[in-house]
Amino acid sequence: DTNNVGIYTTDPKYRLQVNGDIALGPQGASTTKTICSARSDGGSTNRAAIRFVTNSNNDEYLEFDVLDSGVAGYAGAFKIDYTGNCGINCTPSYKLDVNGTGRFTGALTVGDSLSVTESAINAATVNTTTCKNLGIKLSISGGSNTNNDICGGIAMGNSGEEYAGMYAVDGGSGANTHLALFVGSNTNGIKESLRLDGLTGNATFSGALTVSGAASFNTITSN
């Protein structure tokens, strides 16, 4: 009465309900099996699909794809290869490989080293016009646009004991951003040791300065 079809079930609840495994063909190297959504108007574009891909070496891949309107072929939105590597908009070479810009709205935990690569840029070309467009791949921001507010930083140390690092400080008018280095301990908290002024480039030390090698200073002011 419902027009539902059941295989190894006498009471199917869906248009097709299978009680057991399903094998898709054809089998063998260089083959692709596809399950895709269908448009209500019968068209062949604007579809989403799950594809089971076997390459020429008989390695298996799983792809979650989308098909853009008017574009022939599927665009691999997410791929999982036979090694467990996962790729977003790419064929993965790492456990998570992303071709494009990623965003995390929560905390990101890295259990080992973090490597950030970027094309070289000549420091001699950096000026007030280009400094905000360096194309740096790792950007850290936060806080409000208020004078002397911390607006991004990196803390280092053991988990729960990050008492060394650096942070950016909003410079107020003129969109200046200062950079400060801090150190501390679990008993005394953290203390800012060095601040580089975003407008003048001057360095301010909060404690004694010890130099173990050659040094050159234009001006030294002692408080």
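This is a predicted model: local features need pLDDT of at least 70, side-chain atom pairs count only at pLDDT 80 or more; totals for chains, interfaces and linings use all residues.
Biologist: How many disulfides does the structure hold?

Modeller: A disulfide is a covalent bond between the sulfur atoms of two cysteines. The rule here asks for a pair of cysteine sulfur atoms within 2.5 Å. The structure holds zero.

Biologist: Are Cys-86 and Cys-90 buried or exposed?

Modeller: Buried means under 20% relative accessible area, exposed over 50%, and partly exposed in between (1.4 Å probe, protein chains only). Cys-86, at 18%, is buried, and Cys-90, at 16%, is buried too.

Biologist: How many aromatic pairs are there?

Modeller: A pair of aromatic rings is described by the distance of the centres and the angle of the planes. Rings of Phe, Tyr and Trp (its six-membered ring) pair if their centres lie within 6.5 Å; planes under 30 degrees apart are stacked, over 60 edge-to-face, and the rest tilted. That rule gives three pairs. One of them joins Tyr-61 and Tyr-82: the centres are 6.1 Å apart and the planes at 90 degrees, so the pair is edge-to-face. This pair links distant parts of the chain, with Tyr-61 in strand S5 and Tyr-82 in the loop between strands S6 and S7. Strands are DSSP runs (E, at least two residues), numbered from the N terminus.

Biologist: And how are Tyr-167 and Phe-182 arranged?

Modeller: Their pair is stacked, at 5.4 Å centre to centre with 20 degrees between the planes. Tyr-167 sits in strand S10 and Phe-182 in strand S11, 15 residues apart. Tyr-167 is buried at 12%, and Phe-182 is buried at 7%.

Biologist: Where does Asn-176 lie, and which residues does Asn-176 touch?

Modeller: Asn-176 is in the loop between S10 and S11, and is buried at 15% relative accessible area. Contact means heavy atoms within 4.5 Å. Not counting residues up to four places away in sequence, Asn-176 touches Val-169, Asp-170, Gly-171, Gly-198 and Leu-199. Asn-176 and Gly-198 are 22 residues apart in sequence, yet 5.2 Å apart in space, C-alpha to C-alpha.

How values were computed. Residues are numbered from 1 along each chain as its sequence is written. Side-chain values use heavy atoms; hydrogens and water are left out. Helices (H or I, at least four residues) and strands (E, at least two) are DSSP runs, numbered from the N terminus.
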